[in-house]
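Here is a short note for a colleague opening this entry for the first time. Please keep the structure in view while reading.

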Amino acid sequence: MIELFNTGVYLINGKEIIKDDADATVRLSQLGVCVTKEQARDGTIAAGILRSHNRNAGSNSLELRFDSLTSHDITYVGIIQTARASGMDKFPLPYVLTNCHNSLCAVGGTINQDDHVFALSAAQKYGGVYVPPHLAVIHSYNREMMAGCGKMILGSDSHTRYGALGTMAVGEGGGELAKQLVGRTYDMPSPPVIGVYLEGELNNGVGPQDVSLAIIGKVFNNGFVKNKVMEFIGEGVSKLSVDFRNGIDVMTTETSCWSSIWKTDDKVKEYLQEHIRGTDYRELKPAAAAYYDGFIKVDLSKIEPCIALPFHPSNVYTIRELQKNAKDILAKTDEDNKSSGLNLNLSLKYHNGGIWAQQAVIAGCSGGIFENIMAASDIIKEASIGNGNFTMSVYPESQPTYLELVKNGAVETFMKAGVLVREAFCGPCFGAGDTPANTELSVRHVTRNFMNREGSKPNDGQIASVALMDARSIAATAVNGGRITSAAEVNVKYGSYKFIFDKSIYEKRVYNGTGKAQAKKDLVFGPNIKDWPKMPALPENLLLKVVSYITDPVTTTDELIPSGETSSYRSNPLKLAEFTLSRKDPDYVKRAKEVQTMGNDELRKIIEKINSIEGCSGITQENIGIGSAIFARKPGDGSAREQAASCQRVLGASANFALEYATKRYRSNLINWGILPFIVTEEKALKLGSFVFFPGIKSAVKEQKDEIKGFVLDSKITKIKTTLGLLTGTECQILIDGCLINYYSHQSPQHD
């Protein structure tokens, strides 16, 4: 079904696959191919797009300028506030501000709508695009209106992926968008490119989520594509509609890749023409000889309907396999989650010969796509979901999609079956809206099934869970009253539906001020919108206290700063910080604050211990800085939201210790907020409550030392070796200055 190539691979004429092994040179010669590996590396689609956006011409070190930016209403206030404080006077490139996350304006009083009003005033003042609430989810609007072949888009949401439309899109923390807004670049080494070769044709009942989950299950845990580009090629691409490709593409985020890109064809051309952007099309395909640093071969004909059990999209089984081994698999899932103190009791969902869910949701940028919803309506036609405890909701991705669902009869079909059809909203993806009852199981075609993404609060004794499935199998499940059912089990003739894009829906409601900044326009601040507090610069010597110690294999950004109702406070740094790690380590905030209020007697004793270390004499309260730190094995999987780092910083954090960082975007967030991203090789060197002293840390960062030595000040003083990994000169200076805002306060804005 899915084969991974651990060697590099040459792709010749888009078809011939040659492993980079001892026989590669001979096989290339037999095909008449005379090309070096580096020349072939330049033959990927990704290499060409990166090259055209790289301000550091001819270098493997990228300094990227994007074609446009995009944010939603959990992230844009902080980004604009950061850019304002850094000297921004207008948006130097198109910037789309959507309102699809904090759309439930009853939560927290007026503050969500206050953010929306702020965004409209910012679009007017600085020259941006404002998409009102409920009109479109962030990625759907960008697909419909902004993506184009050969472009690059940077978004402050981790699922910023428009590769199926020929756009390399990247989800990052807000600091990276702020850099673009003040005329700077996105800097990183050139990423490896992984070829994803699609072949064969899909079987009936298989949807994009099934293909996505099959790939995620194969590559996430082994890090096969981590921080790399996934490039989709092969004859199987042409067998998929653009909607289907979009549904796969947006889920590539869950593989931990950096970005994605697909070869383009007449179907993409037709899509862009339908969206009145035909001039944005150009054919993208690999050169006659292209070299990939890794390769994934996917036989579409062997993909089956899949399900991802709690609490990660990589916890994948085929539905057939789950049905066959339900007791064992559900018991294993229960046992795996007990280590986190969770009693899911999923085993109780198996009874009467089946596995039963209590809720179903199809929503957002992955599930709420036109073709997904039409296919689900074909399955559910003439049926009823019943009047029991099982419920189902459908959230179309945008109002233009909603209109086409009305025209094609899907909305009537769902309503007659007892299904609720709602507005464009990302809530079911991050834990706002459609919260199941305690212990219930929800099956969803959304992007993630992390803990609390269904809105439960385990610390309060409320625990529910989400399993990911494709819209088609969700509809089949609904027809059976909640009994988990594969769409391959139902005999349905799927219709052929034509999507007609009505741009006037956006023309009537979207404010497009790109290139029309109104400098005299005042920003509108609600009472919850606060400026960032001042952050201290990196001291010459640093004392850290480990105030949280997390040994889970992976720590998500949802655990670092919970999603859901806390989203309402994301424009208020001090208030939001009170929720930091609240569902993973409820005492973290108290411990972090205690570091900032450490008494003179305690500090004096620690400094005396430091001065007893050879080479560390002369340390005083005046020449040492004090901060908190967390240890986690692999933090930062999931969302791009910068608050996962900024909240730590607001509470006085100066560093993270990790065995590795789950994503580049979380590590970038740490750096942009002045938090040292230490990597350690031995987790037992630290423990909760450990003090760690780094002499000369400022000089070490400035000199970009490969290894940084510190001292753990427990009952016995021990040395610890750490590294900050590869840092650019700019990143080093940001850490020295204490955060991105401080860095820019010392600079002059650079606009092109």
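**Notes on a sheet and its cavities**

1. Start with one residue pair. Valine 196 has isoleucine 296 as its bridge partner in E15. Keep in mind that the model is predicted.

2. Strand E11 (residues 193-199) and strand E15 (residues 294-299) run parallel and are joined by 6 bridges. In general, strands of a sheet pair through backbone hydrogen bonds, either parallel or antiparallel.

3. Now widen the view. The order E1-E15-E11-E12-E13 describes an open sheet of 5 strands with mixed pairing. Strand E1 (2-5) and strand E13 (259-262) are at the edges; each has a single partner strand, so one side of each lacks a neighbour in the sheet. From one strand to the next, the twist averages 20 degrees.

4. Helix H3 (residues 45-53) lies across E11, strand E12 (229-233) and E13, at about 115 degrees to E13. Helix H8 (residues 208-219) lies across E1, E12 and E15, at about 40 degrees to E1.

5. Next, the cavities. The structure has 8 of 30 Å³ or more. The largest cavity holds about 200 Å³ of space. It is lined by 20 residues, of which His101, Asp157, His159, Cys429 and Arg453 are the closest to its centre. Its lining divides into 6 nonpolar, 10 polar and 4 charged residues. Helices H6 (138-145), H13 (364-367) and H17 (427-430) each supply at least two of the lining residues.

6. The second largest cavity has a volume of about 60 Å³. Its lining includes Arg161, Glu172, Trp258 and Lys664. The lining residues divide into 2 nonpolar, 4 polar and 4 charged.

Notes
Residues numbered from 1 in each chain as written. Predicted model: local features only at pLDDT ≥ 70, side-chain atom pairs only at ≥ 80, totals over all residues. Heavy atoms only, no water. 1 Å grid on protein atoms, 1.4 Å probe; cavity = no way out; pocket = protein on both sides within 12 Å on 5 of 7 lines; lining within 4 Å. Points joined across faces, edges and corners; volume = space filled by probe spheres on them. Helix = DSSP H or I, 4+ residues; strand = E, 2+ residues; numbered from the N terminus. Nonpolar A, V, L, I, M, F, W, Y, C, P; charged D, E, K, R; others polar. Pairing = 2+ DSSP bridges. Axes fitted to C-alpha atoms, helices over the stretch in contact; angles between N-to-C directions. Contact = heavy atoms within 4.5 Å.
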